[in-house]
Amino acid sequence: MRTTILFGGSNRERLVSVASAQALQQALPEADLWFWDVEDKVHVVQSNQLLEHSRPFEDEFKPGTSGIPLAQALDKAKAEARVLVLSLHGGSAENGELQVMCEARGVPFTGSGSASSHLAFDKIAAKRFAALGGVTPPVGIALEKIDDAFAEYGRLIAKPARDGSSYGLIFVNARQDLVAVRNAARHEEYVIEPYIAGVEATCGVLERTDGSIIALPPIEIIPGEGNFDYAAKYLLKSTQEICPGRFTPEVTAALKTQAMLAHRAMSCSGYSRSDFIVSEKGLVYLETNTLPGLTKSSLYPKALKAEGIAFVDFLRDLIELAVRRARK
């Protein structure tokens with residue numbers, strides 16, 4: 001089958017997607033490149049166009065070519081026996097909509113299927129399923145109870161129920177921050193939780209072609225400016241990401257176990273990455289990413305390297321798994 005890297009998308013995480021695609025293209029130079037723009041059109045682009053695009057986390061990628069509608073592009077992928085390597089994050093690229101469009105056509109694609117993607121992307125539903133699967137999420141706070149919760153906990157954190165890459169995070173440290181949460185919740189649903197002090201950690205899970213599933217070395221995250229938001233993730237040099245994390249053997253084992261439980265609770269496929277807080281009272285689950293970033297600076301590739309797995313081997317295994325699933 002013809003390997004095709006699909007990148008871009010119409011949501012806010014499209015910039016990260018371009019940076020992921022640059023890393024994927026360097027690992028899979030034989031792959032074709034399709035760029036999905038904000039108007040839901042797909043453009044064929046050349047390798048030099050992608051690789052020469054500087055500042056991908058800050059500047060929009062412009063293909064400079066005419067595109068075709070996304071649905072038509074997926075029809076073309078089916079007719080030309082293509083397998084799509086999804087260099088996509090967030091929005092309809094990660095919430096199951098693109099996946100169901102591929103499944104309806106029998107187009108192979110990397111990562112989790114539509115149902116799992118939809119579940120994991122919804123932070124409210126994901127927390128419930130993770131809890132049922134044996135993972136411990138933080139308590140949820142209703143918007144109308146936010147004043148009482150602030151009085152009880154002292155600090156809160158609010159985040160969009162269906163978004164990623166730390167967009168829209170609101171740290172409630174003072175009463176005026178409650179106004180910001182209410183204003184933001186007028187435009188989209190928000191998840192509100194007590195702020196949990198501790199070390200931020202993330203742990204990847206990987207499905208192998210032999211049917212086994214393993215947890216990768218957990219990563220310890222130390223935000224340079226105090227909060228792990230978009231700027232801290234992708235723009236600040238001061239953020240530290242230590243892999244393997246400096247956790248005790250017991251905490252490391254627990255992180256791996258919890259990441260595996262979350263992966264299974266949401267029936268993820270191929271790979272995933274779950275985020276946690278290592279608190280004084282134990283691990284607290286935050287969310288699961290079904291299409292984690294694959295840029296050169298991303299967390300998942302760092303964990304692969306620590307495990308001794310070459311990035312290109314990881315990608316080729318994902319492609320094989322995608323083709324097998326589509327044939328079933």
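Two strands pair if DSSP finds at least two bridges between them; helices (H or I, at least four residues) and strands (E, at least two) are DSSP runs, numbered from the N terminus. The model is predicted: local features need pLDDT of at least 70, side-chain atom pairs count only at pLDDT 80 or more, and totals for chains, interfaces and linings use all residues. Residues are numbered from 1 along each chain as its sequence is written, and side-chain values use heavy atoms, with hydrogens and water left out.

**View 1. The open sheet β7-β6-β8.** Its three strands pair in antiparallel fashion. Because β7 (170-172) and β8 (190-194) each have a single partner strand, they form the edges. Strand β6 (residues 156-160) is joined to β8 by five bridges, and Lys159 has Val191 of β8 as its bridge partner.

**View 2. Packing of helices α1 and α13.** The axes of α1 (residues 14-27) and α13 (residues 311-327) lie 9 Å apart at an angle of about 95 degrees (axes are lines fitted to C-alpha atoms, for helices over the stretch in contact; angles run from 0 to 180 degrees between N-to-C directions). The two helices are therefore roughly perpendicular (65 to 115 degrees). Ala23, Leu24 and Ala27 of α1 meet Phe311, Val312 and Leu315 of α13, with contact meaning heavy atoms within 4.5 Å.

View 3. Leu88 lies in the loop between β5 (82-87) and α4 (91-94). Leu88 counts as buried because its relative accessibility is 0% (buried means under 20% relative accessible area, with a 1.4 Å probe and protein chains only). Beyond residues up to four places away in sequence, Leu88 touches residues including Phe7, Trp36 and Leu291.

Technical notes:
Buried means under 20% relative accessible area, exposed over 50%, partly exposed in between (1.4 Å probe, protein chains only). Angles under 35 degrees count as roughly parallel, over 145 as roughly antiparallel, 65 to 115 as roughly perpendicular and the rest as oblique.
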